Amino acid sequence: MSDRPPAAPEVQADPKRFTALAVILIAAFMDLLDATIVNVAVPSIQRNLDAGYSALQWTIAAYGLALAVLLITGGRLGDIYGRKRVFLVGMAAFTVSSLACGLAGSPETLIVARLAAGAAAGLMIPQVLAIIHVGFPPQEIGKVIGLYGSITGLAAVLGPVLGGFLVQIDLFGLGWRSVFLVNVPVGVFALVAAARLVRESRSPVPLKADPVGMLLASTGVGLLTYALIEGRARHWPAWSIGAIAAAVVILGVLVAHQVARRRRGGDPLVALGLFRAPGFAAGLLVMLIFTLVISGFAVVWTLFMQSGMGWSPIHAGLTALPYSFAVAVGATVAFKSFVPRLGRRTMMIGALVMASGLALFAGGMAWEGTSFNSLEQAPALLVVGFGMGLIVAPLTNAILSGVPPRDAGSATGLINTAGQLGGAIGVALVGLVFAPALGAPYDYPGHGQTALWWAVAGTAVVFALLFGLPANWMRRQD
């Protein structure tokens, strides 16, 4: 049975694990970079491909939708068929689909290629944390996941900067196509290196695929994500609310199917025993709310800088560097100094620091309005980023602390799905805050402050939910 009560993982250290880590972190970096880099290329895509507004929206949204649909399935496929094998398949497909994006001659072709890239990432990304979880001894996992958090945070910030730079310099006359084609040589390198360096792992207990569960999970998550994306863009028509309700029903059917399959002695898509691991369920909820807050802040911040103040993507991206630096410092300090002594209180401190930084940023908006320049934003961004760093890496490690190696893929698929849905919900909620300004000039400072105070409230919810996580999981692992 694949959902027996989790046992502490026994990991035999791979002597090439740190070299392999560098390779799989490239995949994580490429994924987040691809999710954000396209935003700044949209005007060029519109001109070159004569794309309409709807096509442009889907050029951006298609990647995240396909990614969300396959994360749970992708994670479990790694447990069944081998995490390295599924990672290589995903990386190869991601590289080919990136090439297709760069060569697209019509908006429709570009959207299909973006869907393919997101689906490939849905296979590839769950394997990253799963390979880390089974490939490193417990005393090293904390700092490794801290590094993972820093790299992914850096990619999210650098996406618009790199995208703006590539479009502006018009490398080899490629224009917007370079933001996709840059993935091709990097992907080929990562594919060859991973084939040589990453050690294969899979569940030690033979597992069988659950096609019905995969269909239900993909349909439910996909319908929910689609409704959140399109509902926000179309100002929440009745069908979008109905789609959200239908998605909830489908996911409820998924849960019933998983329980029934387990009782019949089959292997469920979602290893239900994971939810008996200390803090796993609470950790997924924390991940959902935490990414909701972060994504909401990112959207408000981007709107404020680029639309409210008219800054270029490069200017906005460079302004974000203190934030990215602070995330990396916070993640490093968390595992080096705080987590061994304070356990989950590290994340609680991080939530309080984050809330303080968000409030400071809201105060700056109120005081300076659209004159709130990069230098003035830096203190608040440093505080928000440091608080985020104290949460993001310890959170993933705490959720995974009781997960047995056989179910690592299933667990990381759920973690990534919670983060993806949290991001989609956060963006949708920001749309609700700004909705009253539609049809009139946006009051970016005013509506931005409202959204940020809601983010402070969300951070308070994160603080409360953290009590559900293990108090000192690192000591227990040691």
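This section describes the salt bridges of the predicted model and one of its helices, α8. Residues are numbered from 1 along each chain as its sequence is written. In this predicted model, local features need pLDDT of at least 70 and side-chain atom pairs count only at pLDDT 80 or more, while totals for chains, interfaces and linings use all residues, and side-chain values use heavy atoms, with hydrogens and water left out.

The structure contains six salt bridges, each defined as a side-chain nitrogen of Lys or Arg within 4 Å of a carboxyl oxygen of Asp or Glu. One of them joins R17 to E140, with the closest N and O atoms 2.8 Å apart. This pair links helix α1 to helix α6 (residues 138–169), across 123 residues; helices are DSSP runs of H or I with at least four residues, numbered from the N terminus. R17 is buried at 16% relative accessibility, buried meaning under 20% relative accessible area with a 1.4 Å probe and protein chains only. E140 is likewise buried, at 13%.

A salt bridge also connects D34 with R114 (3.2 Å, N to O). Because D34 lies in helix α1 and R114 in helix α5 (residues 107–135), the pair ties together parts 80 residues apart in sequence. Both residues are buried.

D407 pairs with R76 at 3.0 Å between the closest N and O atoms. D407 lies in the loop between α15 and α16, and R76 in helix α3 (residues 53–81), 331 residues apart. D407 is buried at 2% relative accessibility, and R76 is buried with a relative accessible area of 2%. R76, D79, R83 and D407 form a network of salt bridges.

Among the buried residues of α8 (residues 183–197) are N183, V184 and G187.

Methods
Helix = DSSP H or I, 4+ residues; strand = E, 2+ residues; numbered from the N terminus. Expected span 1.5 Å × (residues − 1). Buried < 20%, exposed > 50% of the residue type's maximum accessible area, 1.4 Å probe, protein only.
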